[in-house]
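Colleague: I would like to learn how to read a few features in a model like this one. Can we go through them in turn?

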Amino acid sequence: MGSLSWKHARQPVFLSITLGFNGMTSSPSSRTPSRAESLRQRLDRHWPTAEALLRRLYAGVPDVEDWLVRMRNVVSTAALNRPAPLAERDDRRLAEPDWFQRSNQLGYCFYVDRFAGTLAGVQARLGYLADLGVTYLHALPLLAMQAGDNDGGFAVADYRAIEPRLGRTEDLTALAQAAHGAGMALCLDVVCNHTARDHAWAQAARAGDPRYRAYYHVLESAESVAAYEATLGQVFPKTAPGNFTPEPALARDGGQAWVWTTFYPYQWDLNYANPAVFQEMLEVLLHLANQGVDVFRLDSTPFLWKAPGTACRGLPQTHWVVRAWRALLAIAAPAVLLKGEAIVDPDDVVSFFGRDDATGLPAANECHLAYNNGMMTALWLAQATGDAAPAHALLDRLAVRPRQAAWITYVRCHDDIIWDALAALIPQETLHRVSAFYAGATPGSYALGAAFQADGDGAPSTNGMAASLVGLRPEGRPGEADTDAALARLLQLYQVTLALDGLPVLYMGDEIALTNAPLAGLPAGEGRWLHRPDMDWNRAAERHDSATAAGTFHTALRRLIRVRATLDALSGIEPARPLAGLPPGILGFERVGARAVLCLANLTGQAVTVSLPTTTDAWRDAVAETAIDLTALPLGPWQTRWIVAAGPTSEVAP
Ligand code: GLC
């Protein structure tokens with residue numbers, strides 16, 4: 001590439017090479033031999049994995065052999081069309097495969113329009129993010145979305161176009177380039193489980209085209225709908241009950257038709273039993289990867305495959321689809337990462353990192369990243385109950401994560417907090433109590449959140465910005481007792497999260513303790529917009545002013561981020577190990593490493609003194625930079641400490 005432009009060669013490059021099914025022979029081409037040679041190596045290494053998975057998934061499909069050849073050609077073409085700066089970036093990333101696990105990594109998640117209006121607006125705010133220490137941008141859905149209701153962009157009308165309100169394809173590549181230049185990776189959602197009802201495929205299906213009808217799950221009798229419903233859960237039991245939507249336009253021969261819609265009626269689940277669907281989504285991934293996207297958040301990952309008589313969540317075939325994408329991306333865009341969005345039972349989430357087929361043990365062959373929704377939920381629960389035990393138990397369970405894969409750790413995101421994801425660990429009665437607590441509906445609760453919905457008798461999930469859930473009033477000022485307590489709780493959630501193993505992702509506005517969106521103007525029935533306010537740039541302007549809540553919090557959080565970057569043990573590789581023998585209200589875990597870190601958090605509003613057995617008295621609080629006595633360590637209300645052995649310290653950036 002002569003310039004920095006990442007435009008694709010219009011003509012597929014593979015026309016100039018011969019791609020044999022058993023290998024690839026390069027012939028004279030405009031590409032350098034090393035490019036073709038490295039493609040050949042990656043094909044040798046990853047194609048057998050992809051092929052085996054695809055054969056498992058699509059064995060009975062007619063013409064599968066031809067289709068496999070086409071798949072190989074599709075990835076080879078994408079590999080050869082990969083813009084040179086991105087191919088070079090791949091090489092650099094592959095030379096440091098743990099880059100996303102390092103303790104200097106920090107994510108930031110935002111809706112483009114709410115954060116900065118447009119993609120160009122986001123680009124203009126990179127300096128703000130860089131100052132905070134952000135190295136990973138997760139822009140929530142920004143592809144062309146269905147007009148009207150679109151679930152915040154999670155109803156995609158065109159995977160090849162940017163939502164016009166937000167910008168154009170050029171703005172996305174420009175943002176990717178600018179982000180890369182600023183040392184940041186770009187993560188985008190790929191809404192792979194469903195399309196919008198007005199996506200061209202769904203439109204063609206409704207117009208009677210059988211090819212596109214076969215892209216979706218269409219049921220033709222009330223009995224078959226009822227049979228499936230008998231074993232399915234519900235994601236939006238109140239706002240979108242059931243999993244099927246009548247769609248007369250799909251009916252044949254005067255019959256009836258229902259389309260599978262796990263989420264909203266306008267989100268049509270794709271049929272991954274059809275290899276054409278697998279291919280379409282693969283091509284979307286390859287296309288976006290070659291625009292400069294570094295990480296794909298695979299939306300609603302557990303739901304991809306359906307089988308009668310099951311809950312249709314996390315079926316083996318779902319894992320094979322994701323593993324096949326990973327192997328194919330490893331050929332075409334080798335440094336690109338997959339992030340699974342599976343907000344399910346913690347043991348099931350671990351399965352999205354992958355498994356070794358032979359042993360059944362966890363292996364890093366599926367998603368590089370997955371949300372640690374378990375610890376996120378357990379931390380909120382811990383603050384509400386003052387009981388660290390569930391979080392400790394969870395840390396033990398989560399330690400099976402393969403070391404080459406990492407958690408996304410977080411305090412809040414754009415979705416509700418789903419208490420039921422902990423149903424296998426925590427009694428229902430406790431989950432209901434905590435849900436009511438965060439809705440501000442129990443005596444003594446400080447929380448300013450709202451209950452959302454629950455499946456069956458489960459505890460209703462919770463909506464609200466982190467700052468509101470810890471009880472911060474929008475106008476709260478430091479020095480007021482309730483404001484100070486709320487800020488201490490918010491800082492604790494972030495200090496613990498930043499010390500867990502994983503890539504921490506801040507949710508937009510949390511860095512300035514932004515509270516809930518104003519109630520007036522929220523869409524009726526969809527409570528999640530409570531925690532999707534516009535970024536308050538006036539509040540952000542106060543971020544260095546210690547007389548404000550925003551300033552107090554931003555200063556403290558920014559310091560934690562900087563200290564974390566100097567503590568290698570806080571990387572995402574070795575898991576956090578819970579400490580035994582602590583009082584019930586104290587959460588404690590160790591992060592091993594050349595210089596181990598202990599994280600101790602007082603989950604209660606009462607000051608306590610803890611005593612840990614130690615053979616040395618040379619300990620320091622890494623944040624306060626003070627010597628401490630581990631045998632008599634005071635912890636104030638909601639205070640957290642990162643404790644390291646005394647010794648030479650790395651310099652913390654200003
Ligand atoms: C994911 C998104 C959520 C969306 C759903 C359906 O869970 O995070 O916001 O409603 O998928 O696309």
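Colleague: Which residues of helix α15 (residues 389-398) are buried?

Modeller: The model is predicted. In general, an α-helix has 3.6 residues a turn, so residues three or four places apart point the same way. In α15 the buried residues are Pro390, Ala391, His392, Leu394, Leu395 and Leu398.

Colleague: What do the buried residues of α15 pack against?

Modeller: Their partners are α13 (346-350) and α14 (373-385), together with the strands β16 (406-410), β20 (577-578) and β21 (586-591).

Colleague: Is Ser445 buried or exposed?

Modeller: The cut-off for buried is under 20% relative accessible area. Ser445 has 19%, so Ser445 counts as buried. Its place is in the loop between α16 (428-438) and β17 (450-451).

Colleague: Which residues does Ser445 touch, not counting those up to four places away in sequence?

Modeller: Ser445 touches Phe437 and Gly440. With Phe437 there is a polar pair: a polar atom of the Ser445 side chain lies 2.6 Å from the backbone oxygen of Phe437.

Colleague: Now the ligand. Which of the 14 residues around the ligand come nearest?

Modeller: Those are Asp151, Asp299, Glu341, His414 and Asp415. For polar contacts, the cut-off is a pair of N or O atoms within 3.5 Å. A polar side-chain atom of Asp299 is 2.9 Å from a ligand oxygen, and a side-chain N or O atom of Glu341 is also 2.9 Å from an oxygen atom of the ligand. The protein covers 95% of the 310 Å² of accessible area that the ligand has on its own.

Colleague: How do the residues of the shell divide into nonpolar, polar and charged?

Modeller: The shell around the ligand has 3 nonpolar, 4 polar and 7 charged residues.

Note on methods: Residues are numbered from 1 along each chain as its sequence is written. This is a predicted model: local features need pLDDT of at least 70, side-chain atom pairs count only at pLDDT 80 or more; totals for chains, interfaces and linings use all residues. Side-chain values use heavy atoms; hydrogens and water are left out. Helices (H or I, at least four residues) and strands (E, at least two) are DSSP runs, numbered from the N terminus. Buried means under 20% relative accessible area, exposed over 50%, partly exposed in between (1.4 Å probe, protein chains only). A polar contact is a pair of N or O atoms within 3.5 Å; within protein, one must be able to donate a hydrogen and the other to accept it, and residues adjacent in sequence count only if both atoms are side-chain atoms. Contact means heavy atoms within 4.5 Å. A residue is near a molecule or strand if one of its heavy atoms lies within 4 Å of it. Accessible areas come from the Shrake-Rupley method with a 1.4 Å probe; for residues, only the protein chains shown count as cover. Ala, Val, Leu, Ile, Met, Phe, Trp, Tyr, Cys and Pro count as nonpolar, Asp, Glu, Lys and Arg as charged, and the others, Gly among them, as polar.
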